[in-house]
Amino acid sequence: MKLIVDSGSTKADWIAIDDNGKVLFTTQTLGLNPEILEGPEIIERLNDRFDILQNKKNATHLFFYGAGCGTDRMKTELSQIFQEYFVNAIVEVHEDTYAAVYATTPKGEEAIVSILGTGSNCSYFDGKVLHQKVQSLGYIAMDDCSGNVFGKELIRKYYFNKMPKELAVEFEKEYDLDPDFIKNKLYKEPNPNAYLATFAKFLIKHKDTEFCRKIIFKGMKSFVKNYIKQFDNCKEVPVHFVGSIAFYLKDELQETFDKYELQLGNVLRRPIDGLIAYHVANQ
């Protein structure tokens, strides 16, 4: 049994397949980002799903693609946790960008591949090797155009009284905006970036308002300038995306790309289905 996992900070999609690619089961856990979770929390999230707990000794391979796995230290720490849990499995841990590449980019083709979900990232794939010029510093310092950055911007606009009144009234109905509640979520509970990203749903819901459009296009302009344009050939290759922000704001992405003369390629909400095809073809 092979386990294929695509994990963001918010959630992780799991699919178990046999050697022929037949799906044995699918499940979902909370996100398993090693930069913001300790080992016991990761184990708790694994044990919380019966299919995973029941089959942890049956897994022969674990292919894990995750947010927060961009450094060797994080890969090593997470690999050790998984190896102790899936005792009979060969464990491979990759950063989530590789999942995006394998799901969106035809074999051997060049592309810039980006993630716009709870967090954000961008890399260049030369057909064989992934190249990343800027190392992500996570949701506090970077993550341009991501769900958590959009969420932070909405909260700030609301508290600084810069949100239009009619939107502010609806914002209050949809979210608990008590300062103590927010600070507890941000500083006491796990996954503060995932919490911030929940506010992005409001932005998407009201994306046609002038207020939300300004926030969206400010974020996309920043992402293009800071991430995509770092690659000299950015106008010569397609730019693929995975993630809910890219998926639900595809029209806005296209509008931004037209302005900067960039080629918008494939846009997927989740890369997991493409990963199945990749691992069956390359087993």
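Partly exposed means a relative accessible area between the buried limit of under 20% and the exposed limit of over 50%. The exercises below use a predicted model.

**Exercise 1.** Where is Gln-132 found, and is Gln-132 buried, partly exposed or exposed?

*Solution.* 
- Step 1: Locate the residue. Gln-132 lies in the loop between β8 (130–131) and α5.
- Step 2: Apply the cut-offs. Its relative accessibility is 27%, so Gln-132 counts as partly exposed.
- Step 3: List the neighbours. Leaving out residues up to four places away in sequence, Gln-132 touches Glu-95, Asn-121, Cys-122 and Ser-123.

**Exercise 2.** Describe how helix α1 packs on helix α3.

*Solution.* 
- Step 1: Get the geometry. α1 (residues 39–47) and α3 (residues 72–85) pack at about 45 degrees, and their axes are 11 Å apart.
- Step 2: Classify the angle. Roughly parallel needs under 35 degrees, and roughly perpendicular starts at 65. α1 is therefore oblique to α3.
- Step 3: α1 passes α3 in a right-handed crossing.
- Step 4: Name the contact residues. α1 supplies Gly-39, Ile-42, Ile-43, Leu-46 and Asn-47. α3 supplies Leu-78, Ile-81, Phe-82 and Tyr-85.
- Step 5: Sort by class. The contact has seven nonpolar, two polar and no charged residues.

**Exercise 3.** Repeat the analysis for α10 and helix α12.

*Solution.* 
- Step 1: Get the geometry. α10 and α12 (residues 250–260) pack at about 50 degrees, with axes 10 Å apart.
- Step 2: Classify. The two helices, α10 and α12, are therefore oblique to each other. Their crossing is right-handed.
- Step 3: Name the contact residues. In α10 they are Arg-213, Ile-216, Phe-217, Met-220, Lys-221, Val-224 and Lys-225. In α12 they are Glu-252, Leu-253, Glu-255, Thr-256, Phe-257 and Tyr-260.
- Step 4: Sort by class. This contact has seven nonpolar, one polar and five charged residues.

**Exercise 4.** Which residues of helix α6 are buried, and which exposed residues does the face turned away from the buried side carry?

*Solution.* 
- Step 1: Pick out the buried set. In α6 (residues 165–174), Leu-167, Ala-168 and Phe-171 are buried.
- Step 2: Check their directions. They cover an arc of only 100 degrees around the axis, which puts them on the same side of α6.
- Step 3: Recall the helix repeat. An α-helix has 3.6 residues a turn, so residues three or four places apart point the same way.
- Step 4: Turn to the other face. It carries the exposed residues Lys-165, Glu-166 and Lys-173.
- Step 5: Find the partners. The buried residues of α6 pack against α5 (147–159), α9 (200–205) and α10 (210–226).

**Exercise 5.** Why is helix α4 largely enclosed by the rest of the structure?

*Solution.* 
- Step 1: List the buried residues of α4. They are Asp-96, Thr-97, Ala-99, Ala-100, Val-101, Ala-103 and Thr-104.
- Step 2: Draw the conclusion. Seven of the nine residues of α4 (residues 96–104) are buried, so the helix is largely enclosed.

Terms used: Residues are numbered from 1 along each chain as its sequence is written. This is a predicted model: local features need pLDDT of at least 70, side-chain atom pairs count only at pLDDT 80 or more; totals for chains, interfaces and linings use all residues. Side-chain values use heavy atoms; hydrogens and water are left out. Axes are lines fitted to C-alpha atoms, for helices over the stretch in contact, and angles run from 0 to 180 degrees between N-to-C directions. Helices (H or I, at least four residues) and strands (E, at least two) are DSSP runs, numbered from the N terminus. Angles under 35 degrees count as roughly parallel, over 145 as roughly antiparallel, 65 to 115 as roughly perpendicular and the rest as oblique. A crossing is left-handed if the near helix is turned anticlockwise from the far one by less than a right angle, and right-handed if clockwise. Contact means heavy atoms within 4.5 Å. Ala, Val, Leu, Ile, Met, Phe, Trp, Tyr, Cys and Pro count as nonpolar, Asp, Glu, Lys and Arg as charged, and the others, Gly among them, as polar. Buried means under 20% relative accessible area, exposed over 50%, partly exposed in between (1.4 Å probe, protein chains only). The arc is that of the directions from the helix axis to the C-beta atoms.
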